Amino acid sequence: MPTPESLLGPMKGATRREVGGVQVDVVQTGAARVKRIVYPVGFRWSRNLKEIVGTPLCMHAHVGFLAAGQINIQYADGVVEEFVAPQAVAIEPGHDGWVVGEEPAILIEFDFEGETVDRLQLPLLHSPSAIS
């Protein structure tokens, strides 16, 4: 089984950037992108990225696999979701999120840039009735 350390190794063909302390490696795969996102211990979207992005909540959808760590999400309506590795993840736009515990969270994410919500048929914003 991969360890968090092995999940952090170089990714062939990836471009890497860091935003607000978050490491993002991206590989274009046809019409989609595969991203490895490493959220450090202590990360919280509203503290680390809100000012950079310029919106009160994260307005991106996140779909993928949490390979290590734990992240919690809180939507504008107050609903909190907990994701603990290993677990599939589907997060709708309009959320704050943070790392729980003393281990970075490593998310393997699949997206279609600005078309992720439409292509994956996710709600534009969180709706409690959409929770399964």
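Start by selecting Gln70, which counts as buried because its relative accessible area is 17%; buried means under 20% relative accessible area, exposed means over 50%, and partly exposed lies in between, with a 1.4 Å probe and protein chains only. The model is predicted, so local features need pLDDT of at least 70 and side-chain atom pairs count only at pLDDT 80 or more, while totals for chains, interfaces and linings use all residues. Residues are numbered from 1 along each chain as its sequence is written, and side-chain values use heavy atoms, with hydrogens and water left out.

**Stop 1: around Gln70**

Gln70 belongs to strand E5, residues 70-75. Strands (E, at least two residues) and helices (H or I, at least four) are DSSP runs, numbered from the N terminus. Show the side chain of Asn72 as well: a polar contact of 3.1 Å joins the side chain of Asn72 to that of Gln70. A polar contact is a pair of N or O atoms within 3.5 Å; within protein, one atom must be able to donate a hydrogen and the other to accept it, and residues adjacent in sequence count only if both atoms are side-chain atoms.

Next, display what surrounds Gln70. Leaving aside neighbours within four places in sequence, Gln70 is in contact with Glu82, Phe83, Val84, Trp98, Val99, Val100 and Ala105. Contact means heavy atoms within 4.5 Å.

**Stop 2**

**Stop 3: a cis bond**

Move to Pro86, in the loop between strand E6 (80-84) and strand E7 (87-91). The peptide bond from Ala85 to Pro86 is cis, with omega near -5°.

**Stop 4: Asp25 and its partners**

Select Asp25 in strand E2. With 3% relative accessibility, Asp25 counts as buried. Its side chain makes a polar contact of 2.8 Å with the side chain of Arg16 and one of 2.9 Å with the side chain of Gln23.

Asp25 also forms a salt bridge with Arg36, where the closest N and O atoms are 3.0 Å apart. Arg36 is in strand E3 (residues 32-39) and Asp25 in strand E2 (residues 22-29), so the pair ties together parts 11 residues apart in sequence. A salt bridge is a side-chain nitrogen of Lys or Arg within 4 Å of a carboxyl oxygen of Asp or Glu. Side chains of opposite charge can pair when their charged atoms come close. How many salt bridges does the structure hold? There are six salt bridges.

**Stop 5: Asp111**

Select Asp111 with Arg33; they form a salt bridge, with the closest N and O atoms 2.8 Å apart. Asp111 lies in strand E9 (residues 105-111) and Arg33 in strand E3, so this pair ties together parts that are 78 residues apart in sequence. Both Asp111 and Arg33 are buried.

Asp111 in strand E9 and Lys35 in strand E3 are 76 residues apart, and the pair links distant parts of the chain. Lys35 is buried, as is Asp111. Which residues do salt bridges with shared partners join into one network? The network consists of Arg33, Lys35, Glu109 and Asp111.

**Stop 6**

Go back to strand E2 and select Val22, which is buried at a relative accessible area of 3%. Not counting residues up to four places away in sequence, Val22 touches Arg17, Ile37, Val38, Tyr39, Pro40, Phe43 and Leu49.

The structure holds one aromatic pair. Tyr39 and Phe43 form it: the pair is tilted, 5.1 Å centre to centre, with 45° between the planes. Rings of Phe, Tyr and Trp (its six-membered ring) pair if their centres lie within 6.5 Å; planes under 30 degrees apart count as stacked, over 60 as edge-to-face and the rest as tilted. Tyr39 and Phe43 are both buried.

Finally, show the largest nonpolar core, which has 19 residues; Val22, Tyr39, Phe43, Leu66, Ile71, Phe83 and Ile91 touch the most other members. Elements E2, E3, E5, E7 and E9 give two or more residues to this core. A nonpolar core is a set of buried Ala, Val, Leu, Ile, Met, Phe, Trp, Tyr and Cys residues joined through side-chain atoms within 4.5 Å.
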